[in-house]
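Hello,

Here is the structure for you to look at. My notes follow below it.

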Amino acid sequence: MHLFFSRFHGGIALTWAALTCLSCGLRPATAADATVPQDAVQMTIEFLGKDDQAFRAIGLDRIRYGLKGEAATVQFAGLLSKLAPARQAELTAALADRGDRAALPAMLALLMASKEPAVRAAALSGLGALGSGPEVAVLKTSLASADPEKAAARRALTVVRGNDVTPLIVEAAKAGEPSLRPTFIDILADRRAVSALPDLLAAAVDGDPAVRTAAMRALARLGGPEQVTGMVQGVLKAAAGGERDEAERAVVTVCTQNPGKEKAAEALLTQFKAADDSVQETLLTVLARVGGTGAIAIVDGLITDTNTAKRKLGLTALTKWPDATVSQRLLDLLGTSQDQAERDQLLGTLIRIAPLPDNKLNDKQKLELLEKTMSLCKRDEDRRRVLERANAIRTIETLRFVVPYLDDPNLAEPACLSVVELAHHRTIRDANKDEFTKALDKVLATTKNEELIERAERYKQGQTWERKKPAKS
Amino acid sequence: MAYDSASLDKPFDVLKTFDWGGDASALQPIDAAVVAAHGDPAARTDLEKRLAALLGAGTSRAAKEYICRKLSLIGTAASVPSLAALLSEKDHSHMARFALERINAAEATEALRKALGTVQGDLKIGMISSLAGRGDAASVPAIAALLSGESKTAVAAAVALGRLHTPEACQALAAASSVTDKAATAAICDARLACAESLLRQGKRAEAKAIYTSLSETATAGTTPTAQATRLAAARGILACLDTTTTS
């Protein structure tokens with residue numbers, strides 16, 4: 001059968017013979033196999049043609065889970081070209097679930113012949129479910145289409161099986177259509193293609209920023225200690241600003257969250273120590289974001305350096321620290337620093353790290369640190385930030401710390417917010433009902449914020465309040 | 001822990017006068033003895049005898065319920081007469097059935113079968129349910145005879161025949177075309193589907209298909225949701241019967 005499909009969709013034109021060849025020599029639809037119960041097949045086909053969705057579901061269910069055998073698959077797949085578009089999509093999905101590769105030629109033919117995006121998307125999903133290496137070319141091409149085909153092709157490339165699939169996607173990520181290279185990299189990450197890690201590391205220093213960013217994003221998901229050295233090159237290659245920030249975050253993820261994170265952090269430290277000054281300057285932020293005792297020793301050295309520029313670098317690194325282990329250093333520095341900009345930086349860091357839920361400090365210690373920080377604040381702007389952060393420490397002592405500020409006209413609003421946020425947590429509120437009632441009464445007498453008023457009234461009555469979800473952009 | 005009959009004298013004394021609201025913890029030694037009697041035939045016989053003896057006495061409903069629960073665990077044919085005597089009593093019939101349903105003795109089935117012919121109303125429905133629960137194929141004719149009776153009983157009979165799904169049960173359901181009660185008709189339809197599914201599971205495709213086809217034909221003219229659901233179920237069943245490539 002050499003039926004030529006003259007229609008050209010998405011740059012693909014294939015003959016029937018080529019399609020069957022692509023699908024590993026699967027035989028095309030032929031006369032019904034003697035072993036297939038034709039009465040059951042015919043009944044199934046009859047159901048597929050019914051307007052009643054319930055009957056169609058019975059037929060599709062039989063295709064999915066019954067009437068076993070390649071011959072039956074070929075018979076059902078042969079129907080694809082004869083059905084209305086909506087039914088084509090239904091049948092394609094059922095054939096995909098059936099899991100028999102014998103349906104592949106018909107699915108490819110449907111993809112070539114149909115102009116309906118939904119049908120083409122269903123066919124692409126089917127190719128993902130049933131296909132392997134030979135189908136990757138079609139899926140790759142379809143990735144350039146618009147949704148829903150693009151989304152289907154992407155999903156299909158993520159799930160399509162076969163040992164030869166990942167190398168083909170790697171090839172596309174390396175030398176495919178430039179605008180699609182980042183997508184191919186994302187697909188490799190979705191496939192958890194660890195065999196592609198060397199290629200991802202190469203992509204992390206690619207000339208194309210979008211490719212580099214995608215590669216670092218993928219490495220953040222798949223990388224471990226062995227990839228840190230290469231990822232550092234990615235950070236160094238990244239342009240300062242958004243790209244650098246994302247690249248740094250990728251390294252931080254590998255060093256703080258992924259399996260082997262301790263070894264990854266060690267690798268980062270080793271590489272930092274071996275680097276020259278200019279590289280160290282770039283990597284210092286990453287090192288600080290990862291934290292740890294090795295990194296703090298380096299930062300300490302910089303802070304105590306007589307060179308002003310190095311000291312500034314050290315202080316900047318300190319402000320990126322991920323936990324409260326540097327709190328005493330920050331307090332000490334605040335005690336001695338005379339530079340206002342430096343003091344602002346240190347104070348801001350203290351306010352940020354004091355209530356962090358990182359298990360480095362217990363609630364009592366967190367509150368003590370926040371109280372100390374408050375005592376060091378000289379501007380209402382900073383005090384307001386302290387009060388706003390306080391509600392992250394969910395204890396009755398925090399309420400007692402915040403309540404006095406309700407009387408200060410300059411600090412009342414952030415104090416009101418923190419009281420209400422603390423009251424949101426029923427376990428603390430119910431255990432200290434009288435104190436919370438008094439505090440909420442004071443909030444009601446103080447705030448002009450309608451949402452806070454509503455929340456305070458609800459909490460007083462023992463009711464809950466549902467936080468509004470941010471609007472989707 | 002070894003079984004000690006004498007140590008149960010006091011709990012059994014409590015049981016004689018036990019009622020709801022009483023201290024159930026006083027009966028705990030009996031619970032423990034029931035557990036301990038597992039694998040100890042002599043202990044089991046002694047316990048069963050002592051428990052069954054209190055069923056006939058002037059014990060409360062609460063005490064009888066307690067005893068029935070224990071006999072459901074350790075009862076034998078020896079308990080059947082005492083339990084059977086309660087089957088016709090409105091307050092005790094349910095718990096007596098609870099025990100008899102679980103006692104592994106032909107006498108228990110026989111007692112339920114006998115009671116089916118004598119009790120009425122809800123008690124009869126209970127017997128039907130228990131006989132189906134025991135899978136008593138011999139009770140099919142008696143249960144089938146109730147399909148044309150009062151609505152609630154007919155529904156229970158249909159459900160029971162569907163649960164029994166023996167060839168005789170299937171035939172009886174198929175023959176009940178004269179039933180006009182709406183609830184009973186729907187229950188018969190469900191029961192026939194259950195029979196067909198059972199036959200299909202056993203590989204008896206032709207017999208199953210005959211039932212599905214009959215149901216499909218009966219429901220063809222109907223426009224009610226029940227008729228539509230029957231048509232769908234039958235269609236699905238027929239297709240499954242025809243699909244010889246798949247084991248159901």
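How many residues of chain B are in contact with chain A? Nine residues of chain B touch 13 residues of chain A, where contact means that the C-beta atoms of two residues, placed from the backbone, lie within 7 Å. The chain B side of this contact has four nonpolar, three polar and two charged residues. Here Ala, Val, Leu, Ile, Met, Phe, Trp, Tyr, Cys and Pro count as nonpolar, Asp, Glu, Lys and Arg as charged, and the others, Gly among them, as polar.

This is a predicted model: local features need pLDDT of at least 70 and side-chain atom pairs count only at pLDDT 80 or more, while totals for chains, interfaces and linings use all residues. Residues are numbered from 1 along each chain as its sequence is written, and chains are lettered from A and ligands numbered from 1 in the order in which they are written.

In chain A, seven of the ten residues of helix α11 (residues 181-190) are buried; helices are DSSP runs (H or I, at least four residues), numbered from the N terminus. Buried means that 20 or more other C-beta atoms lie within 10 Å of the residue's own, all placed from the backbone. Among the buried residues of α11(A) are Phe184(A), Ile185(A) and Leu188(A). The buried residues of α11(A) pack against α9 (149-159), α10 (165-175), α12 (197-203) and α13 (209-222) of chain A. Just after α11(A), Arg192(A) has a positive phi of about 55°.

In chain B, residues of α7(B) that meet α8(B) include Leu112(B) and Leu116(B). That contact has six nonpolar, one polar and two charged residues.

Regards

Definitions and conventions:
Helix = DSSP H or I, 4+ residues; strand = E, 2+ residues; numbered from the N terminus. Buried ≥ 20, exposed ≤ 12 C-beta atoms within 10 Å, placed from the backbone.
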